[in-house]
Amino acid sequence: MIVTSVGRILTMVRGKVQMRRIENTASRQVTFSKRRSGLLKKAYELSVLCDAEVGVIIFSQKGRLYQFSSSSEIQNTIDRYHRSSNDADTYKANMEQYILHLKQETTDMERKIELLEVSLRKLSGQCLGSCSTDEIQMIGDQLDLSLRSIRARKERSLKEENAKLLAKCYANPWQSTAYPRVAAIDSQSSRSEDVETGLSIGLPESLTRHHPAQV
């Protein structure tokens, strides 16, 4: 901005530089020298102010090399760049492989869920029209096996409960006037399909024989 003797203000506006190759050789060389020096200066300032490792490599049109490195040698920065680039490529490849693995696992899980849903519908009596005789027989065998397994677990649970009640009766025979007497599970009935248990009110027979006056 320039102030003239008559008080007029002249504003000098810098024109916008078009980003294209400078055709004039002399102008191109001058611009290259100025901007190269500015770039190297900025690289140096960045390395000092921000404690960053900076490396700049410039080749002129005639093949002349200009470089700057904040480390002792530019090769150290180049080696670090290669290591970082290789690590990034390896990480990317591993992530892609992991994502593919997750997609495959998801597909397999969806297929298993679909098969389980079909099997559940068949076990509940649905969609049996398309089943062959062998498939129906297999479903029946599976239901029978499941039923026997449930009955066996129930029988074990009842036996354990009876044993606990019996132990409690013998441990505290005079705590109250009424005691549950545990009926032993008949070995013959335990092999049948239905599980039968019996509970009666009164003292165990062994306690009755020893203490007849309390009955």
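Visitor: Among contacts in the protein between residues at least 6 apart in sequence, what percentage join residues at least 24 apart?

Guide: Good place to begin! Keep in mind that this is a predicted model. Of the contacts between residues at least 6 apart in sequence, 28% join residues at least 24 apart.

Visitor: How many helices and strands are in the protein?

Guide: You can find 5 helices and 6 strands. Following the sequence, their pattern reads β-β-α-β-β-α-α-β-α-β-α.

Visitor: What share of the residues is buried?

Guide: Of the 215 residues in the protein, 12% are buried. The accessible surface comes to about 18,200 Å², and carbon and sulfur atoms account for 55% of that.

Visitor: How many aromatic pairs are there?

Guide: To read such pairs, look at the ring centres, which must lie within 6.5 Å, and then at the angle between the planes. Here the count is 2 aromatic pairs. In one of them, the rings of Tyr44 and Phe68 have centres 6.3 Å apart and planes at 85°, so this pair is edge-to-face. Tyr44 lies in helix H1 (residues 25–50) and Phe68 in strand E4 (residues 65–69), so the pair links distant parts of the chain, 24 residues apart.

Visitor: Are Tyr44 and Phe68 buried or exposed?

Guide: Buried means under 20% relative accessible area, and exposed means over 50%. With 17%, Phe68 is therefore buried, whereas Tyr44, at 48%, is partly exposed.

Visitor: Which charged end sits over the ring of Tyr66?

Guide: That is the charged end of Arg36, placed 4.2 Å from the centre of the Tyr66 ring.

Definitions and conventions:
Residues numbered from 1 in each chain as written. Predicted model: local features only at pLDDT ≥ 70, side-chain atom pairs only at ≥ 80, totals over all residues. Heavy atoms only, no water. Helix = DSSP H or I, 4+ residues; strand = E, 2+ residues; numbered from the N terminus. Buried < 20%, exposed > 50% of the residue type's maximum accessible area, 1.4 Å probe, protein only. Contact = heavy atoms within 4.5 Å. Areas by Shrake-Rupley, 256 points an atom, 1.4 Å probe, with all protein chains shown as cover. Phe/Tyr/Trp six-rings, centres within 6.5 Å; stacked < 30°, edge-to-face > 60°. Lys NZ or Arg CZ within 6 Å of the ring centre and 35° of its normal.
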